[in-house]
Amino acid sequence: MIQVNNLKNNQNIVKIAEAGCFEVYEHQKDLSVNAASASTAYFMNKMNYKKRQVLCNLAGNSVKVQAGAMQWMAGNVTMDSGVKGARDFLGKALKGLVTGESTAKPIYQGNGYVMFEPTYKYIILEDISSWGSGMVLDDGLFLACDSSLKEEVVSRSNASSALLGGEGLFNLSLSGQGIAVLESAVPREELIEIVLDNDEVKIDGNMAVAWSKELQFTVEKSEKSFLGSMVSGEGVVNVYRGSGRILMAPVTSGTLMKQGNSPSEPAKTSSDGIVGSVVSSLLG
């Protein structure tokens, strides 16, 4: 029997969400500060920039986790790398290359606890069964999920559109019955949800963080003519057609985009943009 103290009964660590076997805890203040970092920690707290952790309560079930995400585990819990031989490793490595995820996603199973490393990003718990045939994720969003969920790499409807828009050719899709844990730069309360019923949405840039697998996703010129697109200042747009849902970040700082009016961050686009698309094409 295991008893964990100063976690669930700690006033500074508050459970803010739960679904399935996953619980999300938020550190209300960063208590591990010194004279040099106290001022920064104070203003980070005021802007809701707080540490968050996911606790997984295993009761005979199993979960799949992004490599390196585990901080500690307790109880009768075992970990499997999820890799079955060299051929399986190669296949997973290629998937990881084109989706921005880790090559292997360890599987934890048994009876006990698994705590994930703290993060300053926002944790989103999504019931994948509510997304019809599946939920497609933008690169780097996946943190963990019930092992019963099916992973699949889905490709863009037209390969040339990825090169045109600086996007990658592939994304990770989750489907089935279970909960997915997503690590987002934008809180769920701020994400705009667009519901399509046999219609289309055009978005300037990769501000969509997740969308229904049923939707057809392409990158197209904003105008019929290339000259018109350039003159309008929009260039190309991401187009989603069909019936389904889209979760969209309202600000560019919540996406992988890099623009002049957004905070300075390392350049990164879906599947590493054009270079990733070319590499993905060659490997595919």
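Reader: Is R245 buried or exposed, and what is its relative accessible area?

Author: Happy to start there, with a word on the model first. This is a predicted model, in which local features need pLDDT of at least 70, side-chain atom pairs count only at pLDDT 80 or more, and totals for chains, interfaces and linings use all residues. Residues are numbered from 1 along each chain as its sequence is written, and side-chain values use heavy atoms, with hydrogens and water left out. Buried means under 20% relative accessible area, exposed over 50%, and partly exposed in between (1.4 Å probe, protein chains only). R245 therefore counts as buried, its relative accessible area being 17%.

Reader: Which residue meets the side chain of R245 in a salt bridge?

Author: A salt bridge is a side-chain nitrogen of Lys or Arg within 4 Å of a carboxyl oxygen of Asp or Glu. For R245 the N to O distance is 3.0 Å, and the partner is E193. This pair links distant parts of the chain, 52 residues apart, with R245 in strand β15 (residues 236-248) and E193 in strand β12. Strands (E, at least two residues) and helices (H or I, at least four) are DSSP runs, numbered from the N terminus.

Reader: How far apart are the closest N and O atoms of E200 and R241?

Author: E200 is partly exposed at 35% relative accessibility, and R241 is partly exposed at 24%. These two residues form a salt bridge, and their closest N and O atoms are apart by 2.8 Å.

Reader: What is the relative accessible area of E126, the salt-bridge partner of R188?

Author: The side chains of R188 and E126 meet at 2.8 Å, N to O. R188 sits in the loop between β11 (179-184) and β12 (192-203), while E126 belongs to strand β6, 62 residues apart. R188 is partly exposed at 26%. E126 is buried, so its value falls under the cut-off, at 5%.

Reader: Which backbone nitrogen does the side chain of T119 reach?

Author: T119 lies in the loop between β5 (107-116) and β6 (122-127). T119 counts as buried because its relative accessibility is 12%. At 3.0 Å, its side chain reaches the backbone nitrogen of K121.

Reader: Which residues does S81 touch, not counting those up to four places away in sequence?

Author: S81 is placed in the loop between β4 (70-80) and α2 (85-99). With 38% relative accessibility, S81 counts as partly exposed. Contact means heavy atoms within 4.5 Å, and S81 touches A104, K105 and P106.

Methods: Polar contact = N/O pair within 3.5 Å; in protein donor to acceptor, adjacent residues only side chain to side chain.
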